[in-house]
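Please look at the two chains together before reading on.

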Amino acid sequence: MDNVCEEEVFSNLFKTNSKTVFNYIYYKFGNEEKAYDVVQEAFVKLWENCAKVSPEKAKSYVYTIANNLYLNVIKAEKVRLKYADRTNNSSYESPEFLLEEKEFKEKLDNALNSLPENQRTTFLLNRIDGKKYAEIAEMEGVSVKAIEKRMHLALKALRDQIEGI
Amino acid sequence: MQENYLAKWLNNDLSEEELAAFKKSAEYASYEKLMQVSGTLEAPDFDIDKAWNEFKNNQPQKDVKVIKMNPMRRLWRIAAAIVVIFAASYFYISTLDESVSTQYAERNEVRLPDNSEIILNADSRITYSEKNWAKERNISLQGEAFFKVAKGQKFTVATNDGLVTVLGTQFNVENRTGFFEVTCYEGLVSVIFNGKETKLPAGNSFIAINGNVLNTESPAETTPSWMSNESTFNSIPLNYVLDEFERQYNIEVKTENVNLEQLFTGSFSNTNINLALQSISTPSQIKYELEGNNVLFYAENAP
């Protein structure tokens, strides 16, 4: 039977989950350095308790630890995100369009930062990391319906803010 | 429109009617735009391999921790090793020959598996295999011993000088350096000395000193005299007598101007040293001085 204490099993868990743990904490608090530390500390805890945690439970164990680590300590900072440049033919766009696009992104950045932490985390885990609502629910320890609610509210709040309603 | 329809829409969970209705709504265009732009968002860089290496470098005691989880495993290994060692030693010891020996001024009685008896005189040693005793009754002897052999298969006593074979009888074998004596008290004993077999009936002795076979004499007793605490000699060179004296009393004998070749006939006590010293010195016309653990025999006419 697989055991988290086996190096191969453990290293697999680390490699498939560490980036999401990092993003998850970053979306919440906007601090890269702290998010990086959380990844290390959460996996140290998992390693120390590898004999008690089954491989199936290891993932949610790591998120629970990550959640608890800095929940009350970190002061939320601005989340800074990048935008992938998906349009190679951007030079053909009209200057007006480019300006509009730039303004939209700025508004989106601001809107994201003014979202409640749990809505922003849910929204970004879905949009950037492609996590399904069920996965996010597992990470956050809430029901899928609660995640759908956060997602709905996040979308609504973002639009309202961007449109200036 | 159902609850949380924006989340459902993003997840493609709206029914066709709902989707059509949503698309007709005024806000649809801005949600569409929001979905499209947010789809190009990217998180800060995170190097998984770098993080993994850092994690590994901060966990130098990995292996120790794994062992800690199973402390019983180490114990089991030790226990298994001990069991193996004991089993091996038992097997080894059980195949070894039995050995009984006596020191100076000591006697010992051995009862063999078939109830044959061996009484060991001082400074003697027998070796035999208890395991194979039922198959072959072989004893190897250094020194002197009296044998009471139970009836049965051939019983063999091997010494450095000669081989004694019997079927069931009582006999005494003495083998010291240069001295070999077999006395039969009951039944018939076969003695092989220098490749020559001699049949020895009850009441006869076979004596060889330095390879020379002497005339056989018949003892009067039914057991050797040493078993009644007396050492008896019949025309035996004095040096063998003194050797026996050393063995019986665990004492060191020195001589001065004494002819050790002269023959001695007589006996000495194994319990009273003064009596024994007189028994040896008087017939040999020598004197002695006893000092602690040393005795000096010297010629009467010595200066």
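Two strands are said to pair if DSSP finds at least two bridges between them, where strands (E, at least two residues) and helices (H or I, at least four residues) are DSSP runs numbered from the N terminus. This is a predicted model, in which local features need pLDDT of at least 70 and side-chain atom pairs count only at pLDDT 80 or more, while totals for chains, interfaces and linings use all residues. Residues are numbered from 1 along each chain as its sequence is written, and chains are lettered from A and ligands numbered from 1 in the order in which they are written.

Strand pairing links the two chains: strand 1 of chain A and strand 1 of chain B (residues 41–42) run antiparallel and share two bridges, and A:K82 stands opposite B:E42 in strand 1 of chain B. Counting two residues as in contact if their C-beta atoms, placed from the backbone, lie within 7 Å, 36 residues of chain A are in contact with 26 residues of chain B. On the side of chain A that touches chain B, two or more residues each come from helix 1, helix 2 (32–48), strand 1 (82–83), helix 4 (95–114) and helix 7 (144–163) of chain A, and helix 7 of chain A gives the most, with ten residues.

Helix 1 of chain A, residues 7–29, has 23 residues and reaches 31 Å from its first C-alpha to its last, close to the 33 Å expected at 1.5 Å a residue, the expected span being 1.5 Å times one less than the number of residues. After helix 1 of chain A comes A:G30, with a positive phi near 70 degrees.

Chain B has eight helices and 19 strands. An open sheet of three strands in chain B has the order 16-19-18, with mixed pairing; strand 16 (252–256) and strand 18 (286–291) of chain B are its edge strands, each pairing on one side only. Strand 16 of chain B runs parallel to strand 19 of chain B (residues 294–299), to which five bridges join it, and B:K254 stands opposite B:L296 in strand 19 of chain B. Helix 8 of chain B (residues 273–284) packs on this sheet, touching strand 18 and strand 19 of chain B.

Key:
Axes are lines fitted to C-alpha atoms, for helices over the stretch in contact, and angles run from 0 to 180 degrees between N-to-C directions.
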